[in-house]
Amino acid sequence: MDKFVINGGHKLYGTVNISGAKNAAVAIIPAVVLCDEPCIVENLPKIRDVNIILEILKTMGAKVTRIAGDSARVKIDPRGIKSSRVTCERLVGDMRASYYLLGALLGKFGSAVVPASGGCSFCDRPIDLHIKAFRLLGAKCNLLPDRVELTSENLQGRNIDFDVVSVGATMNAMLAAVRAPGKTVIARAAKEPHIVDLANFLNSMGANVRGAGTDVIKIKGVEKLHGCTYSIIPDQIEAGTYMTAVAAAGGDVKIKGVIPEHLESITTKLRDTGATVEEFDEMVRVIREEPLYGCNVKTSPHPGFPTDMQPQFVALLSAAEGKSKVIEAVWETRFSYVPQLRKMGADIIIENGNTVHVDGTDRLHGAKVRALDLRAGAAMIVAALGAEGTTEISDIRYIERGYEKVIEKLTALGADIRRVTYVESQEDVDL
Ligand code: EPZ
């Protein structure tokens, strides 16, 4: 097994390039299934979740070719996919976003059988809204413990009004509706940058999707979709994580290849802590010289503060002067990582499962901690970079689901971070 060993206290300087967005890539790759021709997807992040979803498509019969000289470009030819039944339970069960195959296969074949998806499980992750959308479009849905089965006589465009804003349900509704005859109107749609990216990708294949990025998405069903070449947007959360890491460790870093508008809520909160954030066309620069102050944060769907930045921010606030309150308003609870931060000296109290009160200490100290999920793992890195002494982070496979070349990128900025192979002991299991 591998772990990250970080000696904290090194300020970060230089430039870091941001990779393509994970949460766009994991929806766009299944969306290729809807097409009748090959597509080239560019700026794919080289991360585990992307490898898994590409592997799933291959087992379904798609031909996936990495384009020589640029492994972030992949040609996906979906013409070999002849069945709407997905059989690779292990791969599908290894990631959450495999549920996008439901919408994509239903949209293409009028039916889908997909094993239960897995992925980061920081709390209960229902799919009732996805099912509601499929049913409204005319599908019969059978939810079994180990799989979801969808069938339809003739899918038809309809009005879909979500009661909760859901990224996944919005995307699945879009995938199922793009080829359904008639007009679909999705109300209370999610507005995240990856929703807009999926809509742009679908439109590049000849779909008619309007309004993505607003509360209402309108789709006119088209009969066929054609191949295209499409480049994925930069990863908002990877960029936000590096911004927060610089604030935690101190220093002066240019974070390049970003869309600064996607980072606004993160920028605002970092400025509240006293860090300097300068915005350029495709870059933000974060400078932190003085100690930080605590601040209050509440997560909400885009354009609010992203829940996927909440753990990293709590890590930052743990070593900021004064008190902070952080409310998690997207997920019922997302604080399972707090005991890990406490091992590093953080003073955090959880209230009602959805709020934390942080009493900032001068400095955290190194400890042996676990990456309990992707963003919890990112929070451990942020904490460790600013902490005194050595932090060992185990279960790094979660971090590698979503962060490309994290060691290389942080080392280039001056961090002291290594990957170490070790044999797991009972002490590690008990952590
Ligand atoms: C996506 O998950 C992201 N994952 C998550 O990022 C992210 O935390 C989340 O959106 C919110 O931004 C991917 O894009 C692969 P939701 P998703 O449906 O789509 C409730 C990461 O770290 N809900 O927007 O599964 C749900 O309980 C991951 O990269 C229902 O009630 O999230 C939650 O409270 C972790 N019924 C809220 O909606 C449903 O059917 C938002 O969830 C679906 C969701």
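I count a residue as buried under 20% relative accessible area, as exposed over 50%, and as partly exposed in between. I note that the model I am reading is predicted.

**Entry 1: Asp215 and Lys191**

I looked up Asp215 first. Its relative accessible area is 42%, so I put it down as partly exposed. Asp215 forms a salt bridge with Lys191, and the closest N and O atoms are 3.0 Å apart. I found Asp215 in the loop between β11 and β12 and Lys191 in the loop between β10 and α7, so the pair ties together parts that are 24 residues apart in sequence. Lys191 has 24% relative accessibility and is therefore partly exposed too.

**Entry 2: other salt bridges**

How many salt bridges does the rule count? I wrote down 26. Side chains of opposite charge can pair when their charged atoms come close.

I then checked Lys409, which forms a salt bridge with Glu238 at 2.7 Å between the closest N and O atoms. Lys409 is in helix α13 and Glu238 is in helix α8, so this pair links distant parts of the chain, 171 residues apart. Are these two residues buried or exposed? Lys409 has a relative accessible area of 13% and is buried; Glu238, at 2%, is buried as well.

Next I looked at Arg370 and Asp395, whose closest N and O atoms are 2.8 Å apart in a salt bridge. Arg370 is in strand β21, and Asp395 is in the loop between β22 and α13. Arg370 is partly exposed at 24%, while Asp395 is buried at 9%.

I also noted a network of salt bridges that links Asp2, Glu400 and Arg419.

**Entry 3: the two domains**

The domain assignment gives domain 1 as 2-19 + 234-429 and domain 2 as 22-231. Their centres, taken over C-alpha atoms, are 30 Å apart. The contact takes 23 residues from domain 1 and 21 residues from domain 2. About 1,900 Å² is buried between the domains, and carbon and sulfur atoms give 58% of that area. On the domain 1 side, His302, Trp331 and Arg401 lose the most area, together 37% of what that side buries.

I found two salt bridges between the domains. Asp49 forms a salt bridge with Arg401, with 3.0 Å between the closest N and O atoms. Six residue pairs are in polar contact across the interface.

**Entry 4: helix α12**

I checked the span of α12, residues 374-386. At 1.5 Å a residue, its 13 residues should span 18 Å, and the end C-alpha atoms are 19 Å apart, which agrees. I noted that 13 of its 13 residues are buried. At the start of α12, a side-chain oxygen of Asp373 comes to within 3.1 Å of the backbone nitrogen of Arg375.

Notes: Residues numbered from 1 in each chain as written. Predicted model: local features only at pLDDT ≥ 70, side-chain atom pairs only at ≥ 80, totals over all residues. Heavy atoms only, no water. Helix = DSSP H or I, 4+ residues; strand = E, 2+ residues; numbered from the N terminus. Expected span 1.5 Å × (residues − 1). Buried < 20%, exposed > 50% of the residue type's maximum accessible area, 1.4 Å probe, protein only. Polar contact = N/O pair within 3.5 Å; in protein donor to acceptor, adjacent residues only side chain to side chain. Domains from an automatic or database assignment. Contact = heavy atoms within 4.5 Å. Buried area = accessible area lost by both parts, 1.4 Å probe. Salt bridge = Lys/Arg side-chain N within 4 Å of Asp/Glu carboxyl O.
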